[in-house]
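Dear colleague,

Please find below the structure I promised to pass on, together with its sequence. My notes on what came out of the analysis follow directly after it.

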Amino acid sequence: PPIRVIYAAGTHSYDRIVLPDRRDEPFLDAYSQAVTSAVAAAAPAVARIEAERGGGSGIVLSPDGLILTNHHVVARARTVTAMLPDGRSARADLIGSDPHSDLAVLRIGVDGGPLPWIPLTDSTTVRVGQIAVAIGNPYGFHHSVTAGIVSAVGRSLRASSGRLIEDVIQTDASLNPGNSGGPLVDSSGAVIGVNTAMIQPAHGLCFAIASSTARFIAGTLIRDGRIRRSYIGVAGQTVPVPRALARHHRLAIATGVLVASVDADSPAARGGLKDGDVVVGFGDEMVGGVDALHRRLTGACVGVPTRLTVLRRGERRTLIVIPTELVS
C-alpha cells in the first residue's frame, strides 16, 4: 500500500504519498523459491545428534542409515543418539572418526523403511557469490535454516588436532553451536559442505568442510574405519598455474599447490621444498590442488621415496621426499 511520509523543515511541515519500489520483487521471489526448494530437498535428511558432551547435526548419506557429522560432535562420547525430522530416533554406532579432517561416520538402524538421504556434490564447481543454505540444530532448536552466499572458497581451517583442513568454504550463512556436522547446500539441495565452525566475535564468518573432501574422507572411514595418512610437512593452497607456464612445461593441469609453509625437519624440508614453490606432481600423478595432494598422501606412501614435481620461479624441478606416517 502507499506510504504517507511527513517531512519537517524549520517551522513548516508537509507530507506526500510515496509508493513502495517493487522493482526487486521478482528477484526476492526467486531467491525465496530457491531457498525453500533447497530446504525441501535437503531437510528430511538432516539428523539431530545427541551425545553426553553436547550435540550437533548430521547428514544422512544412505538409505540404510550412514550419517556424516563432525568428529568434535562425537569425540569421546560413550553413547550417541540420532533423531530424524520424521520422529524416528536410534542409537548411533561410530563407524570411524578422523580428527584431522574433523569428520566422523555413524550408522543407525531404524524401523520404518529406507531413510531419506542427500548426496555430497562436487565442491570444485562451487562459485563465490552463489546461494548457500545451512540446515541444523543450533542450541537445540530443531531443523533451523539460515541462508546466505558462498563468501570465499579455498580457505584453510585448523582442526582440533592442530592439522590444517584445506579447501574450506567460507559462508555468511549464520552458524551456531549445534549446527556442526549439518549440511551447507546449494539451491538444488545438494551438499556442498559440512558446517564445522564459526568465529565467535565476528559476524558472517562461518566455515564448512568442502563436500569433495568430505566425500573422500567418508568413503574411506566407511571402508576402513580410519584414515591412515602419510605426511610430508607442507601447508598450502590451490592456485592457478599461468597458462603460458603450463604450456611451456607441458603440464596437463591448470592449477597446483602453492607452498605457504614447510614444517621444520619434515620430509618436505629434508627433500628441499621451499615456501613459494608450486607443487604440480606427486609420484607419477599430476597434482592440481590440495584435495588431489591429500588423496595421494595415503598410508601406502609411508617410507617410500617419491618424486615431487614443483615449479620454482618459473622453472620445473624434481625433488625426492620420503613421507612418514601421520600420527593422530
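D64 is partly exposed, with a relative accessible area of 47% (buried means under 20% relative accessible area, exposed over 50%, and partly exposed in between, computed with a 1.4 Å probe on protein chains only). Before going further, please note that this is a predicted model, in which local features need pLDDT of at least 70 and side-chain atom pairs count only at pLDDT 80 or more, while totals for chains, interfaces and linings use all residues. Residues are numbered from 1 along each chain as its sequence is written, and side-chain values use heavy atoms, with hydrogens and water left out.

D64 takes part in a salt bridge with R107, where the closest N and O atoms are 3.5 Å apart (a salt bridge being a side-chain nitrogen of Lys or Arg within 4 Å of a carboxyl oxygen of Asp or Glu). Because D64 sits in the loop between β4 and β5 (66-69) while R107 belongs to strand β8 (residues 103-108), this pair ties together parts that are 43 residues apart in sequence; helices (H or I, at least four residues) and strands (E, at least two) are DSSP runs, numbered from the N terminus. R107 is likewise partly exposed, at a relative accessible area of 33%.

R78 counts as exposed, at 72% relative accessibility, whereas E52 is partly exposed, with 41%. The other joins D93 and R91, with the closest N and O atoms 3.4 Å apart; here D93 is partly exposed at 42% relative accessibility, and R91 is exposed at 51%.

V46 and G236, by comparison, are 190 residues apart in sequence and 32 Å apart in space, taken from C-alpha to C-alpha.
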